[in-house]
Structures are given as structure tokens and as C-alpha cells.
Amino acid sequence: MNVDHEIKLLVEEIRRLASKNADGITSVKFGVLFNDEKCANIFEALVGTLRAAKRKKVVMFEGELLLQGVHDNVDIILLQE
């Protein structure tokens, strides 16, 4: 799979699992995304795909690297609907 295709799939999964806040911002917790069975089957390297999406300004999250457990409550914000 190429990176752009994986980012497109990531956006679809974020939309599926996320919620919108009062300002209309779509976000999902890293732990929800990481522990989702469908995401686990799609992405070999979820963290790498998230980093690529962040570099392309598709998503935003605090920090550079997200780790399971430690960063489960970090919001991943979808910048491109």
C-alpha cells in the first residue's frame, strides 16, 4: 500500500470512530483508534501512518510519537474533512 492510500483509509476510520465537539471538530482518542479491531487489521503500522498524516497536515495531535498505553488519551484531530 502506498502512503496516500493508507492516509485515506485512516481518515475513513477516524470518521467512523470519532465524535464531533460543539465547534464541529472531529477527533478520536489514540487508544480508541489503536485498540479498534478493524484498524488493527487494516494498518500494519498505525503510528507510522498517523505520523505521515500529520506531516501532510491531514491530522493533528500533540507530540511526535504516540505509544499505546502512555498516549491512549491523546486526541487525534481530523483537519481535512
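Reader: Which residues of helix H4 (residues 46-55) are buried?

Author: Buried means under 20% relative accessible area, exposed over 50%, and partly exposed in between (1.4 Å probe, protein chains only). In helix H4, the buried residues are Leu46, Thr49, Leu50, Ala52 and Ala53. This is a predicted model, in which local features need pLDDT of at least 70, side-chain atom pairs count only at pLDDT 80 or more, and totals for chains, interfaces and linings use all residues. Residues are numbered from 1 along each chain as its sequence is written, and side-chain values use heavy atoms, with hydrogens and water left out.

Reader: Against which elements do the buried residues of H4 pack?

Author: Contact means heavy atoms within 4.5 Å. The buried residues of H4 pack against helix H1 (3-17), helix H2 (30-35), E3 and E4. Helices (H or I, at least four residues) and strands (E, at least two) are DSSP runs, numbered from the N terminus.

Reader: Is Ser27 buried or exposed?

Author: Ser27, in strand E2 (residues 26-29), counts as buried because its relative accessibility is 18%. Leaving aside residues up to four places away in sequence, Ser27 touches Ala18, Ser19, Asp75, Ile76 and Ile77.
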